[in-house]
Every structure is written in C-alpha cells, then in structure tokens.
Amino acid sequence: MTLTQGQAPASVAPETTKEGRMTTLLSIGAFARATRLTLKALRLYDELGLLPPARVDPASGYRWYAPEQVERARLVAWLRRLGMPLARIAEVAALPPGAAAEAVAAYWARVEADTAARRELATFLVDHLAERGRPAMTDHTLALRCAARSDRGLVRELNQDAAYAAGGLLAVADGFGAGGEAASAAAIDALAPLASGLPGGADLLGALEDALTGLAVREGAGTTLTALVRSGSRLALVHIGDTRAYLLRDGELSQVTHDHSYVQSLVDEGRLSPEEAESHPQRALLLRALPDAGGSGPDLSLQEPRPGDRYLLCSDGLSAIVPAAELADALRAAADPDAAVAALVDRALGYGAPDNIACVVADVVAA
Ligand code: MG
C-alpha cells in the first residue's frame with residue numbers, strides 16, 4: 001500500500017533512520033490525512049503502543065510518522081472497524097501477513113459462534129415472552145415415552161453419571177471431582193419439582209434458572225447437565241457442559257446442543273477440525289459446568305417436538321466413545337426407548353467403556 005496522489009503531506013521533516021538512511025517524516029496532520037484516521041485516534045494508538053510515532057519532538061512533543069507506517073495504521077483502522085478489541089489488534093498487527101490472516105479468520109469464526117449463541121438466546125426470549133402474552137396453555141396433545149440408563153462402564157471405580165426420565169423431565173448429568181456423583185444427582189433433583197410439567201404460561205425461564213441457582217455441591221465437585229422439561233406441547237432444553245442432546249427426526253440424527261468444552265471452542269475458532277477434536281488429549285476439559293457462580297448460566301432453548309421424533313440425551317461416555325453414525329444406527333433400529341438405551345449402552349461397552357455412561361431416549365407420541 002502506498003500514499004495515494006492528492007494526499008501529499010502538508011509538512012515534512014527530514015530524518016535519519018536507525019539504518020542511517022535519510023527519510024521524510026510526516027507530521028501527525030499529514031499522517032492523519034494519509035491514513036484517514038483522526039488525530040484523537042492516532043494519539044490513542046500511540047498511548048496503547050499500537051502505533052508509536054517514528055519520532056516525538058523532545059521540545060514540543062509533536063509527533064512525526066514514517067511513510068512506511070501508513071500500512072500498519074490502515075490495518076489497525078480496519079481491525080477496529082471489524083470490532084476487534086485493541087489488545088487483540090496489538091497482537092495481530094505484530095504478526096507477519098500470513099499469520100495475521102489466520103488470526104483474523106480465527107477471530108471472525110469466534111464472533112460468528114458468539115453471534116449464533118446470542119441468536120439462540122434471542123429466539124428463546126422471543127418465544128418465551130410471546131408465550132407469556134398468551135393465555136395459559138392446556139395443550140397436552142403430545143406425550144413422551146422414555147427410558148433412562150446409567151452404567152459405571154468397564155474402567156471407572158465409581159459411577160458419577162446420572163440419568164433420569166419420568167413424567168415431564170428427561171435429564172443426564174456427568175459429575176466430576178470428589179463427590180461428583182452427588183453433584184450430578186443434585187442437578188437432576190433440582191429439576192425434579194418441574195417434572196410434572198410446567199404450565200405454558202408459567203415463567204419458564206425464571207423457573208429453570210431458579211431451580212439451578214445456588215446448586216449446593218461439595219467444594220471441588222461439579223457436574224454437566226442436559227435436560228428437557230415439558231412445557232405444554234413444547235420442550236424446554238437446559239444445557240451446560242459436554243453432555244449432549246440429539247434429535248432423530250425423519251431418520252436423520254442431528255446434535256441439538258453445543259458443547260461447552262475447550263476443544264469445541266477450538267473448532268468454533270477454526271483452529272481444529274471436528275475430526276481432530278474427537279481424539280484431542282484435552283477433549284474432556286470443560287469451559288462451563290454447574291455450579292456456575294457468576295457465569296452466564298446454562299443455555300436455554302425451546303424445542304418444538306413432533307410425533308415421531310426420538311430424542312437422545314447422553315454423557316461423553318457414550319458420545320465420545322461410540323461414533324455418531326453408530327448412535328444413529330442404534331436409534332433408528334430400536335423398536336422403543338427401552339431397547340434403544342440398552343443397545344446404546346451395549347455399544348459403549350463394546351468399545352471398552354472407559355468412562356461412565358448416561359443415556360436417555362424419549363419418543364414423542366400423539367397423546
Ligand atoms: Mg464423562
């Protein structure tokens with residue numbers, strides 16, 4: 001990038017560079033015109049170390065810039081327009097072009113992932129508020145047939161996973177730390193009062209958040225939680241950690257939840273492929289779990305179930321061990337939820353079951 005014509009510097013000062021070469025410095029005003037940055041922005045970038053002037057006059061404090069700095073100044077300005085935080089800009093601007101390109105791509109992938117999460121929350125809030133504006137729903141045209149199973153597996157001494165399916169509540173939780181089995185049980189117990197089903201006009205969001213706020217677990221212990229709570233003819237999904245919900249609809253299996261794990265964040269940033277994530281040594285590292293003091297809380301969304309849908313909730317003792325194609329096969333082949341959970345746990349055991357397994361299968365049927 002070079003100075004365009006018509007933007008000739010208004011004032012210049014000759015200067016000898018460190019390499020002993022004579023160069024012509026631009027005044028801050030000329031540099032501002034060349035870069036289309038304001039004087040205020042240039043002073044700020046100087047203070048932050050993003051774009052220090054080539055020379056500062058010791059007597060007047062006047063800032064002078066080298067023509068070679070125009071390109072960096074424009075890069076800084078573009079990254080600002082992208083919404084990149086200043087600290088991140090300082091890192092990116094210091095990189096060689098190839099690495100800077102990768103850093104910008106990773107930053108943008110992260111922004112898109114965050115936007116997707118916010119879009120989900122916005123959709124939930126729109127649904128939730130619209131629901132509150134309507135008269136209480138007594139629509140119970142859909143019913144759930146469900147089965148739950150939890151298994152210690154073949155390696156672990158304790159089973160810290162929990163699975164629950166009854167009435168209007170389906171839940172799996174994967175406890176960790178000393179007392180993790182009590183933590184996973186407590187998370188499901190906290191939702192149990194909602195198991196009879198919430199009336200459609202109830203403050204669903206508040207009820208679910210209240211149920212999980214202040215969850216008492218032993219210091220150092222925690223748990224993931226993925227649960228579906230029936231609300232009228234809909235299902236509210238509560239999710240935190242790396243337990244998962246899947247939906248088998250029209251023979252196609254899709255993952256409904258997004259893992260709150262370190263490897264998922266690398267995938268979101270485009271730094272790891274989903275295939276690489278499957279065998280990553282740190283794939284069990286969680287970014288969020290319960291209790292979530294001061295965190296953003298669990299993900300909440302409303303599901304619109306249809307007759308014929310089959311939901312699977314499971315812990316990583318199933319999803320990280322049994323390939324997704326096999327989960328889909330087992331879910332398609334099973335005659336009912338009991339047969340499905342038995343077949344899924346058998347598959348995990350067949351792969352050596354290195355972790356505890358929790359699994360819930362629920363069929364949506366017309367009442
Ligand atoms: Mg586990």
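Mentor: A metal's donors are N, O and S atoms within 2.8 Å of it (3.2 Å for Na, K and Ca), and sites may look incomplete because water is not among the atoms. This is a predicted model, in which local features need pLDDT of at least 70, side-chain atom pairs count only at pLDDT 80 or more, and totals for chains, interfaces and linings use all residues. Residues are numbered from 1 along each chain as its sequence is written, and side-chain values use heavy atoms, without hydrogens and water.

Trainee: Which residues coordinate the magnesium ion?

Mentor: Asp174, Asp316 and Asp355 coordinate the magnesium ion through OD atoms, at 2.1 to 2.3 Å. Along the chain, the spacing of these donors reads D-x141-D-x38-D. Asp316 belongs to helix 10 (residues 316–319), whereas Asp355 sits in the loop between helix 12 (337–350) and strand 15 (357–366), so this pair ties together parts 39 residues apart in sequence. Helices (H or I, at least four residues) and strands (E, at least two) are DSSP runs, numbered from the N terminus.

Trainee: Is Asp316 buried or exposed?

Mentor: Buried means under 20% relative accessible area, exposed over 50%, and partly exposed in between (1.4 Å probe, protein chains only). Asp316, at 15% relative accessibility, counts as buried, and Asp355 counts as buried at 11%.

Trainee: How many aromatic pairs does the structure hold?

Mentor: Rings of Phe, Tyr and Trp (its six-membered ring) pair if their centres lie within 6.5 Å; planes under 30 degrees apart count as stacked, over 60 as edge-to-face and the rest as tilted. The structure holds two such pairs. One of them, Phe31 with Tyr65, is stacked, at 4.2 Å centre to centre and 0 degrees between the planes. Phe31 lies in helix 1 (residues 28–35) and Tyr65 in strand 4 (residues 63–65), so the pair ties together parts 34 residues apart in sequence. Both Phe31 and Tyr65 are buried.
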